Amino acid sequence: MYDYKSGKGSIINILTTKTDVKKSNCIPKDEKNFNLSNAFLTDVGSIFIDIKKSSILFDTKDEKLARLMRAFTSEIITIFQSFNKYRQIGIRGDCVYAIYEVQNVSDLLEIFNIAKVSNTFMKMFNKILKNYGYENIMAGIGLGFDKELIIKSGRKGTGVTDKIWIGKAVVDASNLSSIANRDGVNPIAMSETFYNKISPNRIFSQYKNKIKFSKNYYHCDIKDVAFEKWIDNGMKG
């Protein structure tokens, strides 16, 4: 049973203990840099990929669904890992996400490229699903960027700890993945902060005429040219 009297003391102890907030231009790779009394403030980029209409998809809990979800999540994680500045990759129900260290605009452009490749992957994935008698699925891709406060939280001595990302990068990416690819919104949606950071870049300028603005976010249906061409040519080799 929960010891609420001890709990009161724990809360007061945490609220009155100094937290050392360090401004940093990178997210520490070594977990030893994080403890239960410090925090890091640094730039973070995030991508979330959310399966649409998953409540319907998950109605049939069978072997085929297990195979589909395993194939989807494993390949999306592989795509996420292609950019080695990831600091956390995870799965939340029907959503796969990655959080990246961002030191300059080129890092955000790489995250955008991951979104582009992931969007193209969905075209390949659905073709393969159809060939093997599965129903097609749709996914929304959300991108966020912000300066995040990163803390390690949990209960000392329990072995249950994790990092908490406090800021709009993760929240925006998560929310936009839910909005993307439904009600007329394109499959890739990015926050204003993310778009405004990369839009002045010369490399990104080639995509501007393909991007729409809606309310407080930008969205597009951009794919990797070589990848899509390979798919259209029959995925041979």
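**View 1. Helix α5 and the residue Asn181 that comes after it.** Asn181 follows helix α5, and its phi is positive, near 65 degrees. Like everything shown in these views, this detail belongs to a predicted model. The helix itself covers residues 168-179.

**View 2. The buried side of α5.** Which residues of α5 are buried? They are Ala169, Val170, Asp172, Ala173, Leu176 and Ser177. These residues cover an arc of only 165 degrees around the axis, which puts them on the same side of α5.

View 3. In soluble globular proteins, nonpolar side chains tend to be buried together. Here the largest nonpolar core has 46 residues, and Ile47, Phe72, Phe112 and Met190 touch the most other members. Helix α4 (residues 105-131) gives this core its largest share, twelve residues. Apart from it lies another core, of 13 residues, among them Phe40, Cys95, Val170 and Ala173.

**View 4. A closer look at Phe112.** What does Phe112 touch, not counting residues up to four places away in sequence? Its contacts are Leu143, Met190, Phe194, Ile198, Phe204, Tyr207, Cys220 and Ile222.

**View 5. The salt bridge between Asp50 and Lys52.** Side chains of opposite charge can pair when their charged atoms come close. The structure holds seven salt bridges, and one of them joins Asp50 to Lys52, with the closest N and O atoms 3.2 Å apart.

**View 6. The salt bridge between Lys85 and Asp107.** The closest N and O atoms of this pair are 2.9 Å apart. Lys85 lies in the loop between α3 (63-81) and β3 (86-92), while Asp107 lies in helix α4, so the pair ties together parts that are 22 residues apart in sequence. Lys85 counts as buried at 17% relative accessibility, as does Asp107 at 5%.

View 7. Lys123 and Glu228 form a salt bridge whose closest N and O atoms are 3.0 Å apart. Lys123 sits in helix α4 and Glu228 in helix α7 (residues 225-232), so this pair ties together parts that are 105 residues apart in sequence. Lys123 is partly exposed, at 24% relative accessibility, and so is Glu228, at 23%. Salt bridges that share partners join Lys123, Glu228 and Asp232 into one network.

Key: Residues numbered from 1 in each chain as written. Predicted model: local features only at pLDDT ≥ 70, side-chain atom pairs only at ≥ 80, totals over all residues. Heavy atoms only, no water. Helix = DSSP H or I, 4+ residues; strand = E, 2+ residues; numbered from the N terminus. Expected span 1.5 Å × (residues − 1). Buried < 20%, exposed > 50% of the residue type's maximum accessible area, 1.4 Å probe, protein only. Arc of directions from axis to C-beta. Core = buried A, V, L, I, M, F, W, Y, C linked by side-chain atoms within 4.5 Å. Contact = heavy atoms within 4.5 Å. Salt bridge = Lys/Arg side-chain N within 4 Å of Asp/Glu carboxyl O.
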